[in-house]
Amino acid sequence: MVFEPPQRLVRALGETAPDGDDWLEKLPGAAQRAVALRELTVERVQVPGGRSSLVVLVRAADGTPAVLKLAPGRARPEAERAALAHWAGRGAVQLLEPYSAEGVLLLERLHPDVSVRSLPEAKALLEAAGTLRRLWVEPPAGFSFETVAERTGRQAEAMRARAQAAPEVAPLVDVALAAREELLAAPPEHRLLHGTFRQSKVLAGERMPWLAVGPDPVVGECAFDLARLVRDRVEDLIAQPSGAATTRRRVKRLAESLDVDQERLRGWTLFRAVESGVRAGRVGRPRDAELLLEFASWL
């Protein structure tokens, strides 16, 4: 089989790293080797797939359905492996092969086309939040994960640079950076977080109704992890006349349901929305940038 990377992946790698083409060039051969080594039967490449990895639906030699995932080093696949191994299937997809070649993960097969987004909005938020709660545990001692302070520090530098090049975003960037400084001034929580959690990262499973996939794990406070969920279905929020009020109610409801400080959740939601909006503008996605920055202005 020819392992053709989905266009979504090609575009995303082109946005995030200059060496994306090099990894993509090597990808077909790497996928062939990974399949042959494990004696897998390939069903299909998942399309549209993710933005940081190739996802292939396969069957093991004994017929067990599985997922083969290949990711470049910048996507931190070894951190993903360490987090999934620590969660051991509790709230997240299960590793079928704890130790394997760098950048290759063999995972249990969920229902790749059925995410929690298929549910009505209120039910989707409830199920997603319940899944996320199970992931907030003490991090393992044997792996050094990036911290929230470290990750947002890198992001803050990129935001400052963008604000200089695009002064129209500078006021919101200043507010977001001030919020980050205030949030980081408090003693840090030390929980293992999913890192990029949203409704589309929660898929239907057999062991449990819903399981999280695709973590970019980080260690820090739970409010940071929950913040991305607040802006799910942002296009629908922007289209509503009451979008701003709905957003504030969502912050309150999620904070209360997961016992997270409401103001800290609001602050991290603001920072993460501005960061995503600024990044979207930088890589040539002006519509996404506009939506995210308008959403951030409501906070």
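**Salt bridges and backbone**

Modeller: The count comes to 24 salt bridges. The model is a predicted one, and the account below takes up some of these pairs one by one.

Start with a pair inside a helix. Aspartate 22 and lysine 26 form a salt bridge, with 3.4 Å from N to O. Both residues belong to helix H2, which covers residues 20-38, and they sit 4 residues apart, about one turn of the helix. Aspartate 22 has 38% relative accessibility and therefore counts as partly exposed. Lysine 26 has 52%, so lysine 26 counts as exposed, because the cut-off for that word is over 50%.

The next pair links two strands. In the salt bridge between glutamate 43 and arginine 59, the closest N and O atoms are 2.7 Å apart. Glutamate 43 is in strand E1 (residues 41-45) and arginine 59 is in strand E2 (residues 54-59), so this pair ties together parts that are 16 residues apart in sequence. Both ends are partly exposed: glutamate 43 has a relative accessible area of 37%, and arginine 59 has one of 34%.

The loop between E1 and E2 holds proline 48. The peptide bond that joins valine 47 to proline 48 is cis, with omega at about 5 degrees. Most peptide bonds are trans.

A further salt bridge joins the side chains of aspartate 288 and arginine 285, at 2.7 Å from N to O. Aspartate 288 is partly exposed, with a relative accessible area of 30%. Arginine 285, at 27% relative accessibility, also counts as partly exposed. Elsewhere, salt bridges with shared partners join Arg76, Glu146, Arg151, Arg154 and Asp216 into one network.

Arginine 76 lies in the loop between strand E3 (65-70) and helix H3 (77-87). Its phi is near 55 degrees, a positive value in a residue other than glycine. Most residues other than glycine have a negative phi. At 28% relative accessibility, arginine 76 counts as partly exposed.

Alanine 88 gives a second case of positive phi in a residue other than glycine, with a value near 50 degrees. Alanine 88 is in the loop between H3 and strand E4 (104-108). With 36% relative accessibility, alanine 88 is partly exposed.

Key
Residues are numbered from 1 along each chain as its sequence is written. This is a predicted model: local features need pLDDT of at least 70, side-chain atom pairs count only at pLDDT 80 or more; totals for chains, interfaces and linings use all residues. Side-chain values use heavy atoms; hydrogens and water are left out. A salt bridge is a side-chain nitrogen of Lys or Arg within 4 Å of a carboxyl oxygen of Asp or Glu. Buried means under 20% relative accessible area, exposed over 50%, partly exposed in between (1.4 Å probe, protein chains only).
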